[in-house]
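Here are some short notes for someone opening this structure for the first time. Please keep the sequence beside the view while reading.

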Amino acid sequence: MKNAHYYLECCLTLAKQAAEKGNSPVGAVIVKDDEIISEGEEAVKTKNDISCHAEMEAIRQAVKNLNTNDLSACILYTTHEPCVMCSYAIRFYKISEVIYLHQSKYLGGVSSSMPLLITTEVPPAWSKAPVIKHAREEYSI
């Protein structure tokens, strides 16, 4: 069985690939039943699309790969705290757990003044807040 360290290392590899292409160094993977079902690297600059955050890219791929809008059996690992936009998608698609390395300074879905990942003030059809884990280990990008 793989652990969080393994999946976060995969995220870091994706983040390095994103940075080499001129994007922000962010990488994300989505795991179901201890297998990576999707991955994403930041592609905002290369795709000229603000919605191409690593988490969004991974979510798009997971929805397509699993052919469902219900990702409640999935865990999202990412190098950075998901922003408000990504948090919206995480809650909408019902991802059950989010594990991230670095806090987002301004628009984080947990630590900002708009904590969309953890608020209870969401539409009734959304899932409850996912389990949130901030991996404060000695990782670097």
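1. Which residues of α3 are buried? In this predicted model, they are Ala-54, Glu-55, Met-56, Glu-57, Ala-58, Ile-59, Ala-62 and Val-63. The cover over them includes the strands β1 (27–32), β2 (35–41) and β3 (74–80). The helices α2 (44–47) and α4 (84–92) also take part in that cover.

2. Next, the length of this helix. Helix α3 runs over residues 54–66, 13 residues in total. At 1.5 Å a residue it should span 18 Å, and its end C-alpha atoms are 18 Å apart, so the two agree. Just after α3 comes Asn-67, with a positive phi of about 55 degrees.

3. Now the charged pairs. The model has five salt bridges. One of them joins Lys-47 to Glu-57, with the closest N and O atoms 2.7 Å apart. Lys-47 sits in helix α2 and Glu-57 in helix α3, so this pair ties together parts that are 10 residues apart in sequence.

4. Glu-57 also meets Arg-60 in a salt bridge, 2.6 Å from N to O. Both lie in helix α3, three residues apart, which puts about one helical turn between them. Glu-57 counts as buried because its relative accessibility is 14%, under the 20% cut-off. Arg-60 is partly exposed at 39%.

5. Another salt bridge pairs Glu-97 with Lys-133, at 3.0 Å from N to O. It links distant parts of the chain: Glu-97 is in strand β4, Lys-133 in strand β5, 36 residues apart. Glu-97 is buried, with a relative accessible area of 14%. Lys-133 is partly exposed, at 42%.

Technical notes
Residues are numbered from 1 along each chain as its sequence is written. This is a predicted model: local features need pLDDT of at least 70, side-chain atom pairs count only at pLDDT 80 or more; totals for chains, interfaces and linings use all residues. Side-chain values use heavy atoms; hydrogens and water are left out. Helices (H or I, at least four residues) and strands (E, at least two) are DSSP runs, numbered from the N terminus. The expected span of a helix is 1.5 Å times one less than its number of residues. Buried means under 20% relative accessible area, exposed over 50%, partly exposed in between (1.4 Å probe, protein chains only). Contact means heavy atoms within 4.5 Å. A salt bridge is a side-chain nitrogen of Lys or Arg within 4 Å of a carboxyl oxygen of Asp or Glu.
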